[in-house]
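Please look over the structure below and then follow the questions, each of which asks for the grounds behind a term.

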Amino acid sequence: MKNRLKVARAELNITQAELAERIGVTRQAVNSIELGRYVPSTLLALKMARVFGKSVEELFMLEEGD
């Protein structure tokens with residue numbers, strides 16, 4: 001699964017730590033999600049979408065074979 005979290009964070013000018021605090025996870029969790037090592041739960045994806053004012057589909061995209 002691809003994601004646009006790094007781009008979305010840059011648009012809002014927030015750090016991984018700031019995003020983590022807003023959604024209630026660690027900075028390491030945000031880093032893992034950005035790098036595609038971890039797929040967030042639906043609840044976590046919805047929280048991220050709310051922070052960025054975007055839909056989940058704008059932040060996360062399925063890749064071939066997902």
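Q: Which residues touch the most other members of the largest nonpolar core, and what makes a set of residues such a core?
A: A nonpolar core is a set of buried Ala, Val, Leu, Ile, Met, Phe, Trp, Tyr and Cys residues joined through side-chain atoms within 4.5 Å, and in the largest one, which has 15 residues, Leu-5, Met-48, Phe-52, Leu-59 and Phe-60 touch the most other members. Two or more residues come from each of helix H1 (5–12), helix H2 (16–23), helix H3 (27–34) and helix H4 (42–52), and H4 gives the most, with five residues. Helices here are DSSP runs of H or I with at least four residues, strands are runs of E with at least two, and both are numbered from the N terminus.

Q: What kind of model is this, and which residues count?
A: The model is predicted, so that local features need pLDDT of at least 70 and side-chain atom pairs count only at pLDDT 80 or more, while totals for chains, interfaces and linings use all residues. Residues are numbered from 1 along each chain as its sequence is written, and side-chain values use heavy atoms, with hydrogens and water left out.

Q: Why is Arg-9 called buried?
A: Buried means under 20% relative accessible area, exposed over 50%, and partly exposed in between, with a 1.4 Å probe and protein chains only; Arg-9 has a relative accessible area of 11%, and is therefore buried. Arg-9 lies in helix H1 and, leaving aside neighbours within four places in sequence, is in contact (heavy atoms within 4.5 Å) with residues including Glu-34 and Phe-52.

Q: How do you know how compact the protein chain is?
A: The protein chain comes to five helices and two strands, running β-α-α-α-α-α-β from the N terminus on. Its radius of gyration, taken over C-alpha atoms, is 11 Å, close to the 11 Å that the globule rule gives for 66 residues, so the chain is as compact as a globular protein of that length. That rule is 2.2 Å times the number of residues to the power 0.38.
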